[in-house]
Amino acid sequence: MKPAVARISVIDADLTPLIDLAFLLIVFFVLVARMSGEQLPAIPLPQPNDVAATPAGAGRRLAVNVLAQGGSALLTFGGERFATDASGLDRLASAIAQRLRSDPQVPVDIRADRSLAYREVEPAIDAITAAAAQVGTRVTIRVCALQAEGGTP
Amino acid sequence: MNAARAMHGTRVRLAMTPMIDVVFLLLVFFVCTVRFERNEAVYTLDLPQRGRTADPLALQERALVIRVGARAGDAVPIDVQADGLRERPASLDALAATLMLVRRGAAPDAANAGLFVADHPVLIAPTSDCGWQDAVDAFNAAVRAGFRNIGFARSGA
């Protein structure tokens with residue numbers, strides 16, 4: 001009969017995969033939060049000489065983007081594209097109204113390409129006003145411009 | 001040397017793969033979280049009630065209307081109209097100076113009485129073919145002059 005050998009149990013906690021997984025989860029949540037947030041494409045915004053506007057800041061906002069595309073305007077909101085015809089503007093107004101119902105205090109920003117004409121940006125203003133009328137609230141509409149480098153707000 | 005280590009039972013093994021794994025994850029995390037400053041500024045609009053009939057019983061001040069036309073070269077046709085006022089500034093920079101002259105309290109000297117208070121409604125009325133840049137420039141001029149109640153009018157108005 002063999003003598004009983006005392007077994008020494010060693011708990012070896014390998015932390016590396018745990019940290020690995022934790023970081024993966026963080027990256028995943030950061031990406032998901034980004035995707036569900038506002039879509040702000042890079043647009044050449046108007047740039048007045050001596051900007052008297054206030055900085056946009058990092059607060060919550062809705063953004064209606066008016067992009068110049070092939071000589072015409074294209075409206076985007078929340079990653080979705082809208083035509084500038086009557087049905088497209090109705091859809092845009094409904095989409096804005098849906099967001100305003102969940103958060104009536106959030107400002108709606110108009111981010112329009114500076115090369116566009118006023119008539120091409122005007123439908124965006126009309127759609128936001130129509131959305132506010134649908135919700136029955138007074139919405140804060142803001143126009144976005146670009147501050148000069150090193151300029152004072 | 002190895003024989004000596006084996007005798008003492010110590011063996012240092014550096015696992016590089018999980019370390020590189022975590023380092024790359026950190027890199028991805030920072031790339032995802034970095035935010036480039038957009039340098040954006042905003043003007044708050046005070047829009048007239050579009051598409052609605054105004055209350056006939058409500059007292060409404062006549063707005064100071066700034067008509068902005070389509071740019072022809074460097075020149076932008078600008079027309080400032082209000083009760084008792086008709087000005088045609090030569091440029092968008094001159095527009096700010098003109099508006100500053102008509103705003104009450106813009107300058108401390110007594111000679112500058114000013115016709116309009118800072119809360120007087122100002123309506124930027126660009127023509128349909130007016131550039132968005134010029135429309136925003138006109139808006140900016142009104143803000144620079146100290147007016148607080150500024151909106152855009154319909155292009156056909």
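**Note on a helix pair in chain B and the A–B contact**

1. In H3(B), Leu92(B), Leu95(B), Ala96(B) and Leu99(B) meet a set of residues in H4(B), namely Asp134(B), Asp137(B), Ala138(B), Ala141(B), Ala142(B) and Arg144(B). By class, the residues of this contact comprise seven nonpolar and three charged, with no polar ones. The model under discussion is predicted.

2. As to the geometry of this pair, helix H3 of chain B spans residues 92–102 and helix H4 of chain B spans residues 132–144. Their axes come within 8 Å and cross at roughly 30°. Angles under 35 degrees count as roughly parallel, and H3(B) and H4(B) are therefore roughly parallel to each other. The crossing of the two helices, H3(B) and H4(B), is right-handed.

3. Turning to the two chains, 35 residues of chain B are in contact with 41 residues of chain A. On the side of chain B that touches chain A, the elements giving two or more residues are helix H2 (16–33), strand E1 (40–44) and H4 of chain B. The side of chain B that touches chain A has 20 nonpolar residues, along with eight polar and seven charged.

4. Which strand of chain A pairs with E1(B), and in what sense? Strand E6 of chain A, residues 141–146, pairs with E1(B) in the antiparallel sense, over five bridges. Within E1(B), Glu40(B) stands opposite Leu146(A).

How values were computed. Residues numbered from 1 in each chain as written. Chains lettered and ligands numbered in written order. Predicted model: local features only at pLDDT ≥ 70, side-chain atom pairs only at ≥ 80, totals over all residues. Axes fitted to C-alpha atoms, helices over the stretch in contact; angles between N-to-C directions. Helix = DSSP H or I, 4+ residues; strand = E, 2+ residues; numbered from the N terminus. Parallel < 35°, antiparallel > 145°, perpendicular 65-115°, else oblique. Left-handed = near helix turned anticlockwise from the far one by under 90°. Contact = placed C-beta atoms within 7 Å. Nonpolar A, V, L, I, M, F, W, Y, C, P; charged D, E, K, R; others polar. Pairing = 2+ DSSP bridges.
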